[in-house]
Amino acid sequence: MTDKPRKPVHLAAHFPGVNNTTVWSDPESGSQIDFASFEHLARTAERGLFDFFFLAEGLRLREHLGRIHDLDVVGRPDTFTVLNALAGVTEKLGLAGTINSTYNEPFELAKQFASLDHLSGGRAAWNVVTSSDAFTGANFRRGGYLEHGQRYRRAAETVEVTRALWDSWAADSLVVDREAGVFARDIPETRHRGTQFDIAARFVLPPSPQGHPVLLQAGDSDDGREFGAATADAIFTGHGTLADGQRFYADLKGRLAKYGRTPDELKILPAATFVLGDTEAEAEERARHIRLQQVGPQTAIAFLEQVWGRDLSGYDPDGPLPEVEPADNVTVTRGRVRHAKDPRAVAEAWRAKAEAGGLSIRELIIEVTARQQFIGTPASVAEQIDTYVQSDAADGFILVPHLTPHGLDEFVDRVVPELQERGSFRTEYAGTTLRDHLGLRHPHRRTTAHEGAIAS
């Protein structure tokens, strides 16, 4: 019986926004807008041989109790502008952007991402997300609200048409025959008529060095998981414990066969934070201090108000949970709803958790908002990450540093060498494209002609 081969650890760097996962008030925190911040984090990730740099997206400033929620604002330039600029100051690092499928058109998306893919030499990735609330939709021409299933149907059709455009050029369409004066020929028309889109287009760009951009997806519902299994190259998730990660990993990988895909064609990459120390005790103390900075008194009360649906500013964040019940059908936060479940059920679960642990409001919010955290010495953090990957709880992690832009420096300097020593992480880039880094096959011509999108 042979030993199971060691899996490579995949790592990506998340540029943090201004929210409860960052400590923007820390004196060491830099700008969320200056290009120098984006450049530093990207260069650090590339120095650490990471697979890609990851940008999230916010489409509207949140409002809380009728005013701008100044504890969690977007504060970030346009995604394509940033990533195209980063293509010029990096050489191998993948460049992933979160762009909403609800409010964008397939041809425009195909052109924008294909342009980034060409300009970067095949390093682009699209994190496909949806938006369901009418508050965000009011920023856009179509506005309105899409119910859960409909927004995934729109997302699936958006990806279908976008991919058909990317794949429409034949292998010999790009001629570049100077003597004959022929640059390209036989570029087919992509025609699509569906419930969301009706287009007839000849795509303006040939395939990039990696065929077309890598597709990421982050939905965790059953609809989201099916959409990811059918379309995504990688899944961005938030499952914390080893057991939860293994269940999610097995579920997603188990859905691939029905779409003619194999387990190695989809990477599972949870978000994770990290805190390092020279000793375990020092790391634990640093982690405690960081969480107290991330979830201050105002933030703790604001989180509680999202569930209770009422103004709770009179309550002590270091005191017990309110005895009053949540209000019925009242939303105090607009633009980013963190608790979609029944508020009374959430309140009941939180009360039980607080009672069992003797937790104050702030202590409870710190616990219920925590991401997957790796805490310890560089060697122990490397071991924890490696254990998740080798135990099929993940294929790697998208790391979310708590400081911008220097929060990743210590990880690259101290943890990456430990992972390399374990034989779980590359010592140099083996290829030039993001698909090379992720171990994904070239997708050229993968889209098949059918009644939804056909090349003629």
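The legends below describe close-up views of a predicted model.

**View 1. Phe-15 and Phe-38 form a stacked ring pair.**
The model holds 14 aromatic pairs. In this one, the ring centres of Phe-15 and Phe-38 are 4.1 Å apart. Their planes meet at 20°, so the pair counts as stacked. Phe-15 belongs to strand E1, residues 10–15. Phe-38 belongs to helix H1, residues 35–47. The pair therefore ties together parts that are 23 residues apart in sequence. Are the two residues buried or exposed? Both Phe-15 and Phe-38 are buried.

**View 2. Phe-374 and Phe-397 meet edge-to-face.**
The centres of these two rings are 4.9 Å apart. Their planes stand at 80°, so the pair is edge-to-face. Phe-374 sits in strand E15, residues 372–376. Phe-397 sits in strand E16, residues 396–399. The pair links distant parts of the chain, 23 residues apart. Phe-374 has a relative accessibility of 1% and counts as buried. Phe-397 is also at 1% and counts as buried.

**View 3. Four aromatic residues form a cluster.**
Which residues are linked here? Phe-80, Phe-113, Trp-126 and Trp-166 are joined into a cluster by ring pairs.

**View 4. Arg-426 lies over the face of Phe-425.**
This view shows a charged side chain at a ring. Arg-426 is 5.7 Å from the ring centre of Phe-425.

**View 5. Leu-174, Val-176 and Phe-183 make a nonpolar surface patch.**
The patch covers about 270 Å². One of its members, Val-176, lies in strand E7, residues 174–177. Val-176 has a relative accessible area of 35%, so this residue is partly exposed.

**View 6. Asp-198 and Arg-193 meet in a salt bridge.**
Side chains of opposite charge can pair when their charged atoms come close. The model has 27 salt bridges. Here the N to O distance is 3.6 Å between the side chains of Asp-198 and Arg-193.

**View 7. Lys-253 forms a salt bridge with Asp-395.**
The closest N and O atoms of the two residues are 3.2 Å apart. Lys-253 lies in helix H7, residues 242–254. Asp-395 lies in the loop between helix H12 (378–390) and E16. The pair therefore ties together parts that are 142 residues apart in sequence. Lys-253 is at 11% relative accessibility and counts as buried. Asp-395 is buried as well, with a relative accessible area of 5%.

**View 8. Glu-325 and Arg-351 meet in a salt bridge.**
The N to O distance between these side chains is 3.2 Å. Glu-325 is in the loop between helix H9 (297–308) and strand E14 (333–334). Arg-351 is in helix H10, residues 343–357. The pair links distant parts of the chain, 26 residues apart. Glu-325 is at 35% relative accessibility and counts as partly exposed. Arg-351 is partly exposed, with a relative accessible area of 23%.

**View 9. Salt bridges link several residues in a network.**

**View 10. Three strands form an open sheet.**
In what order do the strands run? The order is E4-E3-E14, and the pairing is antiparallel. Strand E4 (67–68) and E14 stand at the edges. Each has a single partner strand, so one side of each is left without a neighbour in the sheet. Strand E3, residues 63–64, pairs with E14 over two bridges. Across this pairing, His-64 stands opposite Thr-333 in E14.

**View 11. Asp-328 lies in the loop between H9 and E14.**
Is Asp-328 buried or exposed? Asp-328 is exposed, because its relative accessible area is 53% and the cut-off is over 50%. The C-alpha atoms of Asp-328 and Pro-343 are separated by 8.2 Å. Along the chain, these two residues are 15 residues apart.

Note on methods: Residues are numbered from 1 along each chain as its sequence is written. This is a predicted model: local features need pLDDT of at least 70, side-chain atom pairs count only at pLDDT 80 or more; totals for chains, interfaces and linings use all residues. Side-chain values use heavy atoms; hydrogens and water are left out. Rings of Phe, Tyr and Trp (its six-membered ring) pair if their centres lie within 6.5 Å; planes under 30 degrees apart count as stacked, over 60 as edge-to-face and the rest as tilted. Helices (H or I, at least four residues) and strands (E, at least two) are DSSP runs, numbered from the N terminus. Buried means under 20% relative accessible area, exposed over 50%, partly exposed in between (1.4 Å probe, protein chains only). A charge sits over a ring if NZ of Lys or CZ of Arg is within 6 Å of the ring centre and within 35 degrees of the ring normal. Patches are made of residues with over 30% relative accessible area and no salt bridge: like charges are joined within 9 Å, nonpolar side chains (Val, Leu, Ile, Met, Phe, Trp, Tyr) within 5 Å. Accessible areas come from the Shrake-Rupley method with a 1.4 Å probe; for residues, only the protein chains shown count as cover. A salt bridge is a side-chain nitrogen of Lys or Arg within 4 Å of a carboxyl oxygen of Asp or Glu. Two strands pair if DSSP finds at least two bridges between them.
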